[in-house]
Amino acid sequence: MHSQSLKISARHVNVHYDKTHAIKDVSAEILSNSVTAFIGPSGCGKSTFLRCLNRMNDTIDSCQVTGDILLDGEDIYDPKVDPVQLRAKVGMVFQKPNPFPKSIYDNVAYGPRIHGLAQGKSDLDEIVKQALRRAAIWDEVKDRLSAPGTGLSGGQQQRICIARAIATAPAVLLMDEPCSALDPIATAQIEELIDELRQNYAVVIVTHSMHQAARISQKTAFFHMGTMVEFGDTEKIFTNPTDPRTESYITGRIG
Amino acid sequence: MTDLKTDKSLYATTAHSKRRSAAEKRFHRLGLAAILIGLCMLGILMTTIVTKGSGAFQQSFATLDIDLLEAKLDKTGNRDPEDLKKVTTFGYAPLIKAAVEQVVETHRIETGLKSKDMAAIISKSAAAQMRYRVLDDPSLIGTTAEFKFLTNSWIDGYLKGRVTRETIGNNKNVSVEQLDFVDRLVGLGIVEKSFNMQFIFGADASDQRPEDAGIGVAMVGSLAMMCVVLLLALPIGVAASVYLEEFAPKNRLTDIIAVNIANLAAVPSIVFGILGLAIFINTLHFPQSAPLVGGLVLTLMTLPTIIISTRAALEAVPPSIRSAALALGASKMQTTFHHVLPLAAPGILTGTILGLAQALGETAPLLLIGMIGYVATNMPETVTQGLLSPNSAMPAQIYEWAKRADPAFYERAWGGIIILLIFLITMNIIAVTLRRRFERRW
Amino acid sequence: MMIYPRPLLVKSGVAPVAVNLFSNCKTNQPGFRARNQVEKINIGFLMLAAGLAVLTTVGIVVSMLFETMNFFSMHSGRDFFFGLSWAPNFHGNSALSILPLLWGTLYISFVALLVAVPLGLFSAIYLSEYASSLTRSMAKPLLEVLAGIPTIVYGLFALVTFGPFLKDMFGPEGFFALGWMNDARSVATAGIVMGIMLIPFVSSLSDDIINAVPQSLRDGSFGLGATRSETIKHVVLPAALPGIVGAILLAASRAIGETMIVVLGAGAIARFTGNPLEALTTVTTRIVSQLTGDGDFNSPETLVAFALGLTLFVLTLGLNIFALYYVRKYREQYE
């Protein structure tokens with residue numbers, strides 16, 4: 001196991017959409033080689049905060065982010081930072097599997113191609129192969145790399161999307177409810193995969209399911225109405241929460 | 001495998017990242033340029049229309065006192081209308097010449113022009129204008145009456161700046177001396193520009209008299225056609241849509257009808273003209289050039305548009321309304337006519353108005369059924385005449401003027417376009433307002 | 001029993017039904033439902049109205065087919081389809097081949113698409129991917145005004161303004177003194193003006209189609225660090241391609257059937273020329289000139305217009321069916 005170090009540190013982050021104050025003064029620290037889970041009821045801001053970490057909110061016009069978010073000590077909202085470079089370092093996997101209408105190979109090769117990571121065809125082949133291996137889907141698709149990615153099952157599609165994110169060699173992987181559109185068996189496979197990914201990446205996962213958070217994460221943050229109520233070791237949050245709201249949520253009284 | 005990781009700083013730019021952001025900027029600019037070119041074209045088009053067409057609404061007139069000599073106009077002296085009619089416009093022309101000579105004499109204008117050439121600055125329509133007025137009121141004979149005549153199109157063009165001393169060079173229709181003469185008359189207030197009612201309400205004129213041509217009669221022709229289209233296309237279109245949307249079983253036949261309608265909407269308009277010519281004129285022997293036939297052709301052309309928008313409006317009415325009415329014991333027919341149609345009415349009207357606007361601007365099919373050119377010289381007097389006697393339509397009239405290849409007629413064509421566009425813009429504004437005001441979100 | 005003439009307006013359709021409901025009480029025979037009887041007849045009328053659309057198509061085909069057969073009984077089909085020259089002669093013995101006309105039609109349509117497709121497509125991309133909602137709400141309706149302007153206006157613009165402008169540039173006494181252009185009417189004159197007319201046609205259809213590409217695909221691409229243009233080029237456009245091809249086919253069918261712009265802007269010379277600055281003529285232009293002339297109606301010179309019309313109809317219908325099929329297929333993919 002690699003040693004853990006500070007990967008992302010967010011300080012006093014506020015997010016406004018038009019007139020709504022979506023994120024209220026949230027601070028958090030994300031460690032490398034660990035899984036951090038964001039939990040909370042719908043609309044609590046956990047996805048919004050996740051999308052701040054790779055500046056995906058930039059694509060929404062009315063969204064305003066204030067505060068500092070540092071990746072390896074560098075402010076990602078600095079005007080000098082190109083969000084495009086940032087997103088190569090902070091990969092993202094979405095709620096619904098969204099493979100491009102291209103072949104499996106082209107899906108995974110997409111990131112390395114646009115970022116110019118491969119030196120030639122064989123290098124690219126190797127990157128794609130490694131990414132598919134790490135996403136634990138190589139064996140299932142190695143014989144049909146030129147088949148369209150949209151033809152796979154939901155769980156396979158999601159693993160292709162994970163492979164696609166891994167292929168750009170990110171340091172952090174953001175996952176926005178990656179299992180919510182999947183059946184229980186596919187969910188188990190993805191969870192297992194996330195646990196393996198921890199060896200190489202800092203993984204941040206937004207999840208609806210407290211059980212999932214308890215199973216796969218080392219750190220858990222509980223969000224409620226735009227504030228981060230509690231952030232700490234997963235074990236502590238689930239067994240001995242300090243805030244009464246956290247307790248109500250994990251015991252099923254709110255949310 | 002950690003060697004794959006890009007451990008560069010976020011602030012670092014590489015040749016590759018610079019190239020990418022340059023490509024991004026280029027692409028963004030390309031899109032912006034495309035939009036701007038499109039909007040620029042719209043601007044150029046509109047400016048051209050307004051600058052070239054506004055001249056048609058102004059016209060130069062010459063005000064002259066004419067001695068209506070009895071010796072010329074009523075030799076018998078008995079004011080018998082039959083005898084008066086025998087005097088043709090040729091009998092009146094010399095009076096204009098005399099009046100112009102009179103002006104030259106009283107104001108001591110020095111000019112080398114012969115009196116024939118001086119009188120030529122007046123429109124050829126002047127004699128007819130005098131004759132009509134005298135026939136209307138024979139008591140004028142023997143008196144001196146004031147007439148406001150159109151000047152001919154070259155003089156009019158000169159006063160509007162379309163014709164200049166340099167451009168007329170070897171022109172046989174107008175000479176530099178005539179322009180000098182006109183300058184004097186303008187100085188004396190005899191020739192002046194004023195608003196041109198004749199253009200808005202008048203009829204087309206022969207290609208010898210562009211100054212006399214108006215779009216009014218063609219406008220009535222267009223109006224008659226629009227009435228036909230509205231009276232036929234709206235009920236048939238609504239009936240067809242109601243059937244397809246509410247009653248038709250979902251089977252292959254209905255599907256074929258729907259696809260057929262969609263395809264019919266994209267058939268070139270000229271094909272509908274051929275259909276009209278072959279069926280209404282050659283087979284059913286309807287009169288040529290009649291607005292009724294034009295209306296029928298445009299009805300067939302507009303019907304698919306109206307059906308498509310009506311079906312969309314019906315589709316937007318939520319099924320819960322239908323279920324509610326049916327549950328109260330209304331029949332399907334009653335449900336449709338009492339509940340669904342009233343709710344869909346604004347959408348249907350919007351679609352119909354847009355369909356009418358499309359029909360109003362259509363030219364090609366009208367050419368084939370003979371609604372072209374110099375076919376009507378007077379306003380129709382009755383509704384039947386309006387529908388059945390030969391007439392043109394606004395766009396066809398504009399085409400006719402464009403074809404005559406005379407700058408004076410081009411000016412009228414652009415002027416006609418201004419009027420046509422005013423109609424279209426009004427219709428579109430009504431449609432948009434209707435949609436805004438009655439738009440429902442379920 | 002009363003049949004109301006047409007369900008013209010909502011109100012007039014209602015009253016007679018109500019009257020018939022009352023008369024139902026009087027007849028009062030078991031098994032007799034006046035309402036049902038009336039409604040059967042009403043449905044009959046509604047069906048008739050729906051059938052009129054089909055009837056129109058049949059009318060178009062039959063009327064043109066009839067006269068076309070008439071034409072082929074007087075004129076050789078071989079000359080029409082495979083001849084190389086168009087030279088109608090009212091003393092008979094005309095050469096009436098469609099090929100030079102088709103060449104003109106296709107060439108001008110090609111020029112029009114060359115203008116309309118890049119401008120329309122890039123406008124659509126800009127409006128749907130880059131523009132702020134304010135810009136979009138202003139620019140989109142303004143651009144669509146171009147589609148609402150009657151074609152006669154474009155025709156006059158081509159004839160009086162744009163053609164002479166081109167000639168001032170490329171004519172013998174023109175700006176560049178090149179002498180490439182002898183007549184203001186040319187392929188470029190008609191084609192470019194028609195292209196302007198088609199810009200909103202391409203842009204609205206493409207805009208709809210681009211907007212139908214799911215946002216999740218864009219997010220996926222942005223999430224991997226792609227720029228907007230990379231996302232558009234590599235993800236959005238490939239996904240939207242079938243729909244865009246359909247839109248272009250529809251625009252092509254529009255261009256082929258367009259009449260007034262070519263009547264006024266393209267000229268009347270039937271020939272095979274590749275020079276875009278020379279005059280050419282088209283199928284629609286010849287239909288107008290053959291049917292508005294003073295010729296004897298039963299001469300091949302007049303009847304050829306019907307054969308041309310039928311060809312035009314088949315050509316545009318084919319393109320439309322193909323295009324609608326394409327667009328529909330595309331829509332289903334993302335529903």
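In this predicted model, chain B is divided into two domains, with domain 1 covering residues 54-195 and domain 2 covering residues 216-438. Taken over C-alpha atoms, the centres of domain 1 of chain B and domain 2 of chain B are separated by 45 Å.

The size of an interface is often given as the accessible area lost when the parts come together. For domain 1 of chain B and domain 2 of chain B, the area buried between them is about 650 Å², and 60% of it lies on carbon and sulfur atoms. On the side of domain 1 of chain B, the residues that lose the most area to domain 2 of chain B are B:A56, B:F57 and B:R162, which together account for 63% of what that side buries.

Turning to specific interactions, the rule finds two salt bridges across the interface of domain 1 of chain B and domain 2 of chain B. A salt bridge is formed by B:K160 with B:E411, where the closest N and O atoms are 3.0 Å apart. Across the interface of these two domains of chain B, the rule also finds three residue pairs in polar contact, with both residues at pLDDT 80 or more.

Technical notes. Residues numbered from 1 in each chain as written. Chains lettered and ligands numbered in written order. Predicted model: local features only at pLDDT ≥ 70, side-chain atom pairs only at ≥ 80, totals over all residues. Heavy atoms only, no water. Domains from an automatic or database assignment. Buried area = accessible area lost by both parts, 1.4 Å probe. Salt bridge = Lys/Arg side-chain N within 4 Å of Asp/Glu carboxyl O. Polar contact = N/O pair within 3.5 Å; in protein donor to acceptor, adjacent residues only side chain to side chain.
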